[in-house]
Amino acid sequence: MNNNILDFAIIASGIIGYFTSISLISSSFYKNRANNYLSLSLFLLTSLTLLGWFDIENTVLDFLNNPVLEYLVAVTLFSYFLIQIQHKYLQKSWYKWLYLPFIASFIIETIVYLDSIFNIYNSVFNDLIFHVMDNASFIYNVFLIFWSRKLVKHSNTISEDKKRWLLRLNFFIICIILSWLLSNIEFYVFDSEYTSSLLWISLSFLSWWILYYGVFKLQIIVQKDEIHKYLVTKKANSTSTKRKINETTVSNIISKLYELMDEEELYKNPLLSRLDIATRLGTSERDLSQVINQETNKNVIQFVNEYRIKAAKELLHDPVFNKYSVEAIGMESGFKSKSAFYNAFNSSLGMSPGAYRKFQKTS
């Protein structure tokens, strides 16, 4: 019964993996160069999972099994990380040589496979060749995944949100490699395969994880970064207009506060706290709350969210940002989560951000 459940779970994950990999290259919303490599990596990992879990010995599919595809997975994942961080290695001439182990293993595997069918040279070293290739593929994967992790950690070309996601994906792959190592040790030393089940389950779980975080969550982060870059460029190319404040009717604190919000866009920090604002203004939290309440009849959170909602309304109204999701716009406007954005927006306007966008299109 347990085996049947595992079989079903891995088949279901395989379907999700193939569906996700196809969606990444067929949907215009997600299609880009980095996702092309992620799609190929996921397709290969899904195939390795299904080929490794089910008995394919003495079939034509055995040719596609380890370790040939493993060499290709290593390079495609490494390429994915390089593209995401826009690394200069992509332009280097030696970069293409990273595919050489895959090409060599494919040729060697072809020769060994043909010999097993036609007894061309009747070699007694076929098993040894396979073990050497298998261990070499493990070393190659470890080398490239840790190299890519180092490059991501030291990258200064991407946002911190994107860097955290890439490091999270990298760590998950390291865990899979660790399961791979343990399964090999168990197989060769103890002649059992209990750890192998953990490896295949981890690989199948990766399909679900990438579906949610890779296809949806990372895309939201990418969209948020694109919106931010567009707004920064637009702001740099336009004349900055300062908000006029009647210094005779407002306090020095509120005057400086408007300056921080209008010019530095302090409200776009999702972790912004009352203490942060008070520190920047050189006053206490109590005085800050009292001044804001006195001058605007709002508390600090309402005051900050008013700026965020105004920024979100401008983005939702601008046709340039129609291709971006509502959640990405909320993040760019300074909201920490989708729920916080929806609650604040609905409380202020009596409708959701999505409904507001549709209303603006029809009006």
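Select Glu265 and Lys268: their side chains meet in a salt bridge at 3.5 Å, N to O (a side-chain nitrogen of Lys or Arg within 4 Å of a carboxyl oxygen of Asp or Glu). This is a predicted model, in which local features need pLDDT of at least 70, side-chain atom pairs count only at pLDDT 80 or more, and totals for chains, interfaces and linings use all residues. Residues are numbered from 1 along each chain as its sequence is written, and side-chain values use heavy atoms, without hydrogens and water.

Glu265 is partly exposed at 25% relative accessibility, while Lys268 is buried at 17% (buried is under 20% relative accessible area, exposed over 50%, partly exposed in between; 1.4 Å probe, protein chains only).

Lys268 lies in the loop between α8 (252–263) and α9 (274–281) and Glu332 in helix α12, so the pair ties together parts 64 residues apart in sequence. Helices are DSSP runs of H or I, at least four residues, numbered from the N terminus. Glu265, Lys268 and Glu332 form a network of salt bridges.

Next, select Glu285 and Arg274, another salt bridge, at 3.1 Å, N to O. Glu285 is in helix α10 (residues 285–296) and Arg274 in helix α9, eleven residues apart. Both are partly exposed: Glu285 has a relative accessible area of 29%, Arg274 39%.

Finally, show helix α13. Its buried residues are Phe341, Ala344 and Phe345. The face turned away from the buried side carries the exposed residues Asn343 and Ser347. Just after α13, Gly350 takes a positive phi of about 75 degrees.

Note on methods. Helices (H or I, at least four residues) and strands (E, at least two) are DSSP runs, numbered from the N terminus.
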